[in-house]
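Morning, everyone. I have one chain to walk you through, and I'll keep it brisk.

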Amino acid sequence: MTGPQPENSETLQTLVVRLAGARALVVGDAMLDRFVYGRVERISPEAPIPVLSVEAERAMPGGAGNVARNLAALGAGVVFLSVVGDDEAGAALVRAFDDHPGIEARLTRAANRITTVKTRFVAMSQQVLRADSETTAALDAAEGAALVASLEGALKSCDVLVLSDYGKGVLTPAVTAAAIAAARAAKIPVVVDPKGRDYARYAGASVVTPNRKELAEATATPASNDGEIVAAARGLAAAHGLGAVVVTRAQDGMSVVTESDVHHLKAEAREVFDVSGAGDTVVATLACALGAGASLADAARLANSAAGIVVGKVGTAVVHRDELASALREHELSAIEAKLAGRERAAEIAEGWRARGLKVGFTNGCFDLLHPGHVALLARARALCDRLVVGLNSDASVRRLKGEGRPVQPDIARATVLAALGTVDLVTIFEEDTPQALIEALKPDLLVKGGDYKVADIVGADFVQAQGGRVEIVDIVPGFSTTGTIAKLGPKAAQT
């Protein structure tokens with residue numbers, strides 16, 4: 001993500017827990033997704049086409065119904081409103097929702113409509129054909145009025161409204177405008193998965209989520225790079241009074257654009273098997289997080305993680321809350337590992353930061369049994385620079401300085417704990433008794449030391465100043481000491 005993180009940004013792990021408290025209303029085009037699975041081992045003698053030997057078939061709610069499924073999988077309570085045909089597919093769709101007790105599906109059966117069915121033929125995890133049966137006729141005035149009345153009643157118990165527009169006629173301009181107006185009156189965020197080029201129908205929505213192609217078509221402007229996407233998204237938002245535009249960019253991740261902020265998120269997928277319904281997962285996760293009270297930036301980060309999971313599945317899949325939590329833990333561990341570097345690599349990273357105009361700070365210590373005094377020192381040091389590097393004494397170095405029995409924690413454990421702190425950007429372990437050689441390799445712009453020191457007595461101060469940098473001495477928080485903590489624990493505790 002680029003751009004500043006919100007100051008009140010919470011951990012995504014905490015946010016995942018709170019998703020179960022959200023209640024969402026989903027309105028849009030329901031459809032039945034059918035999947036026919038099999039093997040292709042020969043070409044038809046009747047025509048140059050593959051022959052699929054059918055092995056299994058599945059049917060599940062698709063379109064806006066898949067958004068509802070994803071919300072329920074995240075633990076949200078869901079009310080789903082739509083209009084389907086009074087036909088076999090409509091009956092199958094009603095039955096399909098019986099397998100999702102977390103979704104209260106209110107599907108109106110209309111005799112003048114047919115239920116949209118998308119049938120995908122899949123061989124060896126690859127789609128070989130899709131066949132659609134559908135109508136795109138708009139609801140008549142009476143049907144639209146009835147849907148709006150149901151919507152207004154359901155909104156009273158919901159935290160977020162999702163409009164999932166697949167262009168099949170349920171979200172007419174009148175229905176969409178009335179839905180957005182009702183949600184705004186109730187002070188409930190509105191997330192729209194749009195369709196078509198006319199975004200005037202979504203005027204006043206909190207968030208719209210076009211993909212890059214849809215954004216370009218809606219604005220008649222290019223949207224191939226970061227700058228073009230931001231310009232197009234802001235133009236779209238200004239034209240229609242939209243709160244934010246979240247642009248999904250396939251393998252390039254997504255961009256979150258508001259009038260004042262921009263965040264570009266890299267895609268997190270490791271392997272892509274099927275992108276069917278990935279947009280639904282993004283919309284559902286974004287809406288669920290907003291309904292749970294998250295900031296837009298945090299909601300988008302969570303949605304980006306969910307997208308990375310769902311494209312690794314086959315078919316119109318969902319992401320469950322425990323899957324998302326597990327993926328986030330794995331991602332956090334990877335991020336921590338990325339903050340650990342040897343001296344040469346650390347020097348390269350620091351040089352790269354300086355080349356971008358960032359001020360690099362440095363502090364060092366043993367950091368054995370991390371306590372509030374350490375945390376305060378690191379926070380104050382990070383406030384004085386753009387990137388903070390921590391030099392950590394190795395086990396052998398600590399032993400020479402502190403004596404036998406120290407450190408309590410091995411250097412890799414101490415480094416991992418430090419790297420987990422948001423105030424620390426990089427950790428590197430040094431073997432020497434002092435960090436002089438490390439400081440000379442890193443060439444920091446700022447050297448920070450905590451305690452009652454004189455600049456002349458601080459190791460590396462003369463080098464940093466000679467390079468045009470500065471040295472800062474910050475007060476330490478009284479009452480905290482690793483040595484004192486170990487003494488309080490006693491010899492028996494120290495041995496456990």
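**Contacts first, then surface and backbone**

Start with contacts, meaning heavy atoms within 4.5 Å. Of those in the chain with a separation of 6 or more, 71% join residues 24 or more positions apart.

Some ground rules. This is a predicted model: local features need pLDDT of at least 70, side-chain atom pairs count only at pLDDT 80 or more, and totals for chains, interfaces and linings use all residues. Residues are numbered from 1 along each chain as its sequence is written, and side-chain values use heavy atoms, with hydrogens and water left out.

Next, burial. The chain has 496 residues, and 50% of them count as buried. Buried is under 20% relative accessible area, exposed is over 50%, partly exposed is in between, with a 1.4 Å probe and protein chains only.

Secondary structure: 17 helices and 18 strands. These are DSSP runs, numbered from the N terminus: helices are H or I, at least four residues, and strands are E, at least two. The C-alpha atoms fill a box of roughly 85 × 55 × 45 Å along the principal axes.

Now the backbone. Most residues other than glycine have a negative phi. Which phi does Ala250 have? Near 50°, a positive value. Ala250 sits in the loop between β11 (244-248) and β12 (254-257). Ala250 is exposed, at 61% relative accessible area.

Lys443 also is not a glycine, and its phi is positive, about 55°. Its loop runs between α15 (436-442) and β17. Lys443 is partly exposed, at 39%.

Last, Val455. It lies in the loop between β17 (446-450) and α16 (461-466). At 31% relative accessibility, Val455 counts as partly exposed.
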